[in-house]
Every structure is written in C-alpha cells, then in structure tokens.
Amino acid sequence: MITVAPGMLEHSFEHLRRCGDARRECIVVWTGPCGRVDYVDEVVHPVHRASAVHCEVDPDWVGRFWLDLARRQRTARAQVHTHPGSAFHSDRDDAYPLIHTAGYVSLVVPKFATGPASLADVFAAVRRDGGGWEYCDPRATVRIGNVS
Amino acid sequence: MPETAAPSKLQVGVVYNGMTREVHYNPHEQGRVLFEQACHVFEIPEQERGALGLFLSDNATEVRPDMPVEESGVTPGSTLLLRPREVSTGVV
C-alpha cells in the first residue's frame, strides 16, 4: 500500500481532465522522497501524445525525468492514467509501464476522469516480485493521508 | 615467467527511476552483459527486461547488446540511463 498526501488525488484528476479534455487519454506520475518508500507527495505530468484510445510518453522525457529524480532524491511510485470508458488494465497497460520493479502501482481512471475525484471507480494493479501485475482493490492499495 | 595483468574491471554509474548505482564492467565484454548486470542491481525481473534499454548520457544512444561495451561509447565513470524504450497506455 502507498500513502498519498492529501490533495494529490484531486490534483491528479485536475491534470487528467484539463489535458484530456474529455476526449483524449492522459497520464500522471506520482513520486515520493527516496527515504519514504511507500509515500507519494508530488504529481508529475509527463510529456506525451495521446488520442481517445492511446497515450504515449516521450522516451526522451523519461531519461530527463530519471536525472531530475536523482538530483532531487526522489523516485516514481505510481502512474495514473485515463481510459475513455471503463477502467481496466489493457495488454498495453500491462506491457509498457514507466516502472518495471515490484511494488509499483498503476491506477486506471474511467471516462477520462470526468467523474468525482475518488478511488470509487478506479482500477488498481501492483507490480509483483517476479514480474507481471496483481490486480487489487484500489482502497487496499492507496491510502490518503500523511505519514509521520 | 612474465606476469600478466588481470583484466581490469571499470565502473559506470547507472540511473534508474531516480536511483544511481555503481556497476562494474569489462570494456571488452558485450553490451548485454553490462545491461544484465544493471538490471540485476536494480532488481528488475528477467521477464520484464525486454522492455528496457541501456542508454548513454545523451539519452538517445543505446548500448548495443551485441557489441563490445567500449565500442558503444561507454567510458569509465560515465553515467548511463536504464529506461524503458516505450511507455504507453491505452485500450488498444
């Protein structure tokens, strides 16, 4: 389970709605400080191109993102992206995530995030130790709150 | 009997997801050896490694798996990027 700083979910939905404009998929990445492995407190909006059914992050941006994270001693812990209709993990979602190591969280938001900013209709998947994904209850995967 | 020097192991920094780790390599070994070592250091499962590539610090030139490391432009002390070749989502 990852703990998400208050306001992050709402902030993420704002990005997804504004960029997607109810007609394109969109993606944001949640990052956290290296010293707190299960905590995220920043929303990053990658450089990407998208259509109603597809979203592709600029590979060059990924390399620059790695270096920026290293400079700030942070890591990516989760990605949140939209689908036009229902929320699920497609074959593409399974195959081409940002992170390929255990514990990474992927959330899928239905209807281009036009609904309420909540976990209610969100689909959640978590990277398994040996590779692949485990599909999970989003409320058992993400907790909203602060860490001491 | 003349003494022969042991093949020297050199070192590069590899960055993955904001973390930097030192990885040792032999300049004459194939790029895939360095790639596998980098994936091992970052605990990337074997079945996931096909999605990743090892890139020079220009973030564009991939360390060729089938070529000696030194011929790919890897130099001691340089920083390499281990990153996915593609990041995408979608219902199709």
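Helix H2 of chain A (residues 59–72) lies across S1, S2 and strand S4 (79–84) of chain B, and runs at about 125 degrees to S4(B). Contact here means heavy atoms within 4.5 Å. Helices (H or I, at least four residues) and strands (E, at least two) are DSSP runs, numbered from the N terminus. Axes are lines fitted to C-alpha atoms, for helices over the stretch in contact, with angles from 0 to 180 degrees between N-to-C directions. Helix H1 of chain B (residues 31–41) also packs on the sheet, where H1(B) touches S1, S2, S3 and S4 of chain B and makes about 140 degrees with the direction of S2(B).

Please keep in mind that this is a predicted model, in which local features need pLDDT of at least 70 and side-chain atom pairs count only at pLDDT 80 or more, while totals for chains, interfaces and linings use all residues. Residues are numbered from 1 along each chain as its sequence is written, chains are lettered from A and ligands numbered from 1 in the order in which they are written, and side-chain values use heavy atoms, without hydrogens and water.

Now for the sheet itself. Four strands of chain B form an open, mixed sheet in the order S2-S1-S4-S3. S2 and strand S3 (52–55) of chain B are at the edges with a single partner strand each, so one side of each has no neighbour in the sheet. From one strand to the next, the twist averages 30 degrees. S1 (residues 10–16) and S2 (residues 19–25) of chain B pair in the antiparallel sense over 7 bridges; pairing requires at least two DSSP bridges. They form a hairpin with 2 residues between them, and Asn17(B) in the turn has a positive phi of about 50 degrees.

| Residue | Opposite residue in S2(B) |
|---|---|
| Gln11(B) | His24(B) |
| Val14(B) | Arg21(B) |

How much area do chain A and chain B bury between them? About 2700 Å², 57% of it on carbon and sulfur atoms; buried area is the accessible area (1.4 Å probe) that two parts lose on being put together, summed over both. In chain A, Trp66(A), Tyr96(A) and His100(A) lose the most area to chain B, together 25% of what that side buries. The contact takes 39 residues from chain A and 27 from chain B.
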